[in-house]
Amino acid sequence: MKAFFLFIVILFVILSAVTFPQEINFQQNLNSNNKIKAQTVVFNDIESGIISNNVKKFSKYFSPQPYISLINGVNGYYSSNQAYYIIEDFFNTFKVVSFKMIETKNDDPVSYGKGDYYFEKKGKREVAHLYVTLSKTGDRWYITQISIN
């Protein structure tokens with residue numbers, strides 16, 4: 001019994017040493033005093049979400065009313081919930097083949113990113129340019145604009 005208890009304690013210590021520093025590092029990256037790293041985390045989440053066709057990976061960064069402009073003719077200011085479903089529908093129609101954020105500009109209080117969105121629609125492959133704007137409110141960064149044209 002003592003050996004089992006000792007095993008559990010050692011296992012907890014090892015897992016704590018691995019897991020907790022990763023969480024602390026992530027929180028430090030999102031800290032407002034570390035502005036470049038925070039924007040990089042957001043841009044990486046956007047890129048990851050687009051590649052995996054998963055809006056949920058970056059929808060947490062939507063401002064209350066982001067501006068959306070898409071090649072399917074959708075454009076305007078929408079609530080963050082509407083933006084989620086609009087972009088999800090866009091991803092389902094314009095299936096991503098590949099995406100890479102090719103340039104980011106990390107400034108305070110507004111940062112910009114752009115990338116090439118390669119997609120397939122009706123068996124035809126095309127490319128569109130993605131532009132995203134991040135704005136800082138308080139100590140958080142929000143997506144205030146997404147354009148895919």
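**Talking through the chain**

Mentor: Let me start with the contacts: among those in the chain with a separation of 6 or more, 43% are made by residues 24 or more positions apart. Please keep in mind that this is a predicted model.

Trainee: OK, how many helices and strands are there in the chain?

Mentor: The chain has 4 helices and 6 strands, and if you read along the sequence they follow the pattern α-α-α-β-β-α-β-β-β-β.

Trainee: And what percentage of the residues counts as buried?

Mentor: Of the 149 residues in the chain, 35% count as buried. The accessible surface of the chain comes to about 9200 Å², and 56% of that surface belongs to carbon and sulfur atoms.

Trainee: Let's go inside, then. Which residues touch the most other members of the largest nonpolar core?

Mentor: That core has 33 residues, and those touching the most other members are Ile46, Phe58, Tyr117 and Ile146. As a general background, nonpolar side chains tend to be buried together in soluble globular proteins.

Trainee: What is Ile46 in contact with, leaving aside its neighbours within four places in sequence?

Mentor: With those neighbours left aside, Ile46 is in contact with Phe58, Met101, Val132, Leu134 and Ile143.

Trainee: Now Glu47. Where does it lie, and is it buried or exposed?

Mentor: Glu47 lies in helix α2, and it counts as buried because its relative accessibility is 13%, where the cut-off for buried is under 20%. Leaving aside its neighbours within four places in sequence, Glu47 is in contact with Phe99, Lys100 and Met101.

Trainee: Which residue forms a salt bridge with Glu47?

Mentor: Glu47 forms a salt bridge with Lys100, and their closest N and O atoms are 4.0 Å apart. This pair links distant parts of the chain, since Glu47 is in helix α2 and Lys100 is in strand β3, 53 residues apart. In general terms, side chains of opposite charge can pair when their charged atoms come close.

Trainee: How many salt bridges does the count come to?

Mentor: The count comes to 5 salt bridges. One of them joins the side chains of Asp108 and Lys136, at 3.6 Å from N to O. Here too the pair links distant parts of the chain, with Asp108 in the loop between β3 and β4 and Lys136 in strand β5, 28 residues apart. Asp108 counts as partly exposed because its relative accessibility is 40%.

Trainee: What about Arg125, which residue does it form a salt bridge with?

Mentor: Arg125 forms a salt bridge with Glu120, and the closest N and O atoms are 3.2 Å apart. Arg125 counts as exposed because its relative accessibility is 59%, whereas Glu120, at 29% relative accessibility, counts as partly exposed.

Trainee: Switching to the strands: how do β3 and β4 run?

Mentor: β3 and β4 run antiparallel and are joined by 9 bridges, and they form a hairpin with 4 residues between them. If you want a pair to look for, Val96 stands opposite Phe119 in β4.

Trainee: And over how many bridges do β4 and β5 pair?

Mentor: β4 and β5 pair over 12 bridges, in the antiparallel sense, and Gly115 stands opposite Leu130 in β5. Their hairpin has 2 residues between the strands, and in that hairpin Lys122 takes a positive phi near 55°.

Trainee: Which residues make the nonpolar surface patch?

Mentor: Val97, Tyr118 and Val127 make a nonpolar surface patch of about 240 Å². Val97 lies in strand β3, and it counts as partly exposed because its relative accessibility is 39%.

Trainee: Last one, Ser80. Where does it lie?

Mentor: Ser80 lies in helix α4, and it counts as partly exposed, given its relative accessibility of 25%. Leaving aside its neighbours within four places in sequence, Ser80 is in contact with Phe62, Ser63, Pro64 and Pro66. The C-alpha atoms of Ser80 and Ser59 are separated by 7.6 Å, while the two residues are 21 residues apart along the chain.

Key: Residues numbered from 1 in each chain as written. Predicted model: local features only at pLDDT ≥ 70, side-chain atom pairs only at ≥ 80, totals over all residues. Heavy atoms only, no water. Core = buried A, V, L, I, M, F, W, Y, C linked by side-chain atoms within 4.5 Å. Buried < 20%, exposed > 50% of the residue type's maximum accessible area, 1.4 Å probe, protein only. Contact = heavy atoms within 4.5 Å. Patch = residues over 30% accessible without salt bridge, like charges linked within 9 Å, V, L, I, M, F, W, Y side chains within 5 Å. Areas by Shrake-Rupley, 256 points an atom, 1.4 Å probe, with all protein chains shown as cover. Pairing = 2+ DSSP bridges.
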